[in-house]
Amino acid sequence: MTSVFFASLVVLLTIGVPIFFVLSAAVGAAMWLEGGLPLAIITERLFAGLDKFSLMAIPFFILTGNLMSVGGLSRRLVHLANLLVGRVTGGLGITAVCSSMFFGAISGSSPATVVAVGSVLYPSLLKGGYGQPFSIGVLIASGSLGIIIPPSIVMIVYAAVTGVSVGALFIAGVGAGVAYGFCFMVYCVYYAWRNNVPRGDIPPWSAVGKALVDASWGLGVPLVVLGGIYAGVFTPTEAAAVSVIYSLFVSAFIYREKSLFELWKTILDSASATAQIMIILAAASVLSWYLTANGLAVETTQAMLSLSDNPVMILMLINAAVLIAGMFIDAASIMVILGPLLYKVGMEIGVDPIHLGIILTVNGAIGMYTPPFGLNLFVASSLGDVSYGQAVRGSFPFIFIGIVGLIIVTYVPAFSMWLPHQVYQGL
Amino acid sequence: MTLLCKLDAALERVEEVFIGALLIASSFVLFINVVARYGFNDSFTWAEELKRYAIVWMVFIGSSLAARKGAHISVDVLWRVLGDHPARRVLVVSVDALCVLFSLFLVVYGWDLVAQAREFGQVTASLQVPLWTVQLAIPVGGALMALRFAQHLFAEVAGRAANSSLEISG
């Protein structure tokens, strides 16, 4: 019945059935042919998969990111980043990367970061003498930092399917995100030097202080989230809920750029976006139940390990597989489908499960802007006069840079693991 | 048709307000729980459970909304490749038909789950409410989704005209 299962999985996915239906229907079809087990197991797993403590932070992190980006924070963050790093060669490009890092520390989603930072910076990049492909490329690529810099929805999903600590993953994402973002910054400097892009005006340092105060309300979010989790004040889910209330307060009473009605619209949109992601996570637990119950999980793991027994090679295979998957499906879905399997493979070759989570997340991040179906490529059209083809052209150099970043993160575990080792002594 | 359109729009509004209210209410419940824990040295053990069940309902009702908007995450390579080719319509219709079938599966077997929980009188750990009130989200969500996919299927079969009138109503 394994063949029925895999065939229906592939066919249903290809013809465009919603992913959560595919995952549970493929299991249903195989079980129906096998007979014996009651089909109600599927709905039972669907319920149990959703009714999980670890996933409950997702809706609140999505809502916080959305509230902050409509509430007027993104403009302030970009302004601050520009004052800090805009003074060097390639400064405006570095500003894009840096703003995405700041924004990634508030939002857990990549397309949201592209829109928030890009809508402010895209016109300035063009005006500042950067070519159009570069301007689009740097925005859609650094937007992917949104899922590497904590909080990150993709990491929460990995934590939920493998049982690794969300807190440890989050803090490991800081180092990895900085290393990955740094690669982009180096390219920005090279590009500006090579193409003689003029430097921006050099702002007085006194302006920095004012911008810092202005943006500090928004930068309070990561402080609340990370500080609260590591101080043991609250769980990641509570941290997320507290930051919802905080960002609601800041948008409604401090920045006051949007009416309460517009904020309510944002809440509705976030609820809807959450449902689309979490129903897939529910279905994923149907799939992982089936894979485990049938011993398929073990078989697949063995098959992968039989290709090589060299950890370096296996990691390369994992990276290649996930990069290819990332061209077609989004990072959270990849975590859901491949996460549990790759976790077992990683355990066998002795990779730290937290480090593996970071590797997979960075992989997923690259997939966000890899053609043909990286989500950020489609979001780019909202930045202005950008066609899909132009976005693809702009993405190319950054895909190579992103892969360089991935290789560094994969083979130098210290970037990810140093901070968690400091925070969690027993790790 | 117009009456149906109005009903459709009304249902969408109700669903939207329902999931939005669940999301914001559970944020507040969690927030108040944290404040109570540190401010008053007291916390409600049921807060965590309440939020979990609110999110379960939000996800299933939100899935119906996503079905209405065609926003469910799927691999749409083939749809994009086909463009306006007539084969695309065949594909869309068959995918919708499969979705209706599977939504009905959720209704039937979700109801099984509810019936079981009622029979055994299961209650939740800290709120002590019947478990079936939470599990009911599956058959209800399934029924709403079946309606939405059937609607989309109908619009696709009836052609572009019906489709665009539905679009306007939303």
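Modeller: A cavity, as the word is used here, is a set of grid points where a 1.4 Å probe fits but cannot get out. The model is a predicted one, and a search of the whole structure finds one cavity of 30 Å³ or more. The volume of this largest cavity is about 40 Å³, and its lining consists of A:Ile277, A:Ile280, A:Leu281, A:Asp330, A:Ala332, A:Ser333, A:Val336 and B:Ile73. Helices H13 and H16 of chain A each contribute at least two residues to that lining. Sorted by class, the residues around the largest cavity are six nonpolar, one polar and one charged.

Two or more lining residues come from each of helix H1 (2-14), helix H13 (260-293), helix H15 (311-328) and helix H16 (331-349) of chain A, and it is H1(A) that gives the most, with six residues. The lining of this second largest pocket has 15 nonpolar and two polar residues, with no charged residues.

The aromatic side chains come next. Over all chains the count is 22 aromatic pairs. In one of them, the ring centres of A:Phe21 and B:Phe149 are 5.7 Å apart and the planes stand at 50 degrees, so the pair is classed as tilted. Because A:Phe21 belongs to helix H2 (residues 19-34) of chain A and B:Phe149 to helix H6 (residues 137-158) of chain B, this pair joins two chains, and both A:Phe21 and B:Phe149 are buried. Another pair is formed by B:Phe102 and B:Phe105, whose ring centres lie 5.3 Å apart with planes at 15 degrees, and therefore the pair counts as stacked. These two residues are both in helix H4 (residues 86-120) of chain B, where they are three residues apart, about one turn of the helix. B:Phe102, with 10% relative accessibility, counts as buried, and B:Phe105 is buried as well, at a relative accessible area of 16%, given that the cut-off for buried is under 20%.

Ring pairs also build a cluster in chain A, in which A:Tyr130, A:Phe134, A:Tyr180, A:Phe184, A:Tyr187, A:Tyr190, A:Tyr191, A:Trp193 and A:Phe398 are linked. Charged groups meet rings too: A:Arg76 lies over the face of A:Tyr255, at 3.6 Å from the ring centre, while in chain B the charged end of B:Arg52 sits over the ring of B:Tyr53, 5.6 Å from its centre.

One further residue brings the two chains together again. B:Gln135 is placed in helix H5 (residues 132-135) of chain B, and because its relative accessibility is 7%, B:Gln135 counts as buried. Apart from neighbours within four places in sequence, the contacts of B:Gln135 are with A:Phe47 in chain A and with B:Leu113, B:Val114 and B:Ala117 in chain B.

Key. Residues numbered from 1 in each chain as written. Chains lettered and ligands numbered in written order. Predicted model: local features only at pLDDT ≥ 70, side-chain atom pairs only at ≥ 80, totals over all residues. Heavy atoms only, no water. Helix = DSSP H or I, 4+ residues; strand = E, 2+ residues; numbered from the N terminus. Buried < 20%, exposed > 50% of the residue type's maximum accessible area, 1.4 Å probe, protein only. Contact = heavy atoms within 4.5 Å. Nonpolar A, V, L, I, M, F, W, Y, C, P; charged D, E, K, R; others polar. Phe/Tyr/Trp six-rings, centres within 6.5 Å; stacked < 30°, edge-to-face > 60°. Lys NZ or Arg CZ within 6 Å of the ring centre and 35° of its normal. 1 Å grid on protein atoms, 1.4 Å probe; cavity = no way out; pocket = protein on both sides within 12 Å on 5 of 7 lines; lining within 4 Å. Points joined across faces, edges and corners; volume = space filled by probe spheres on them.
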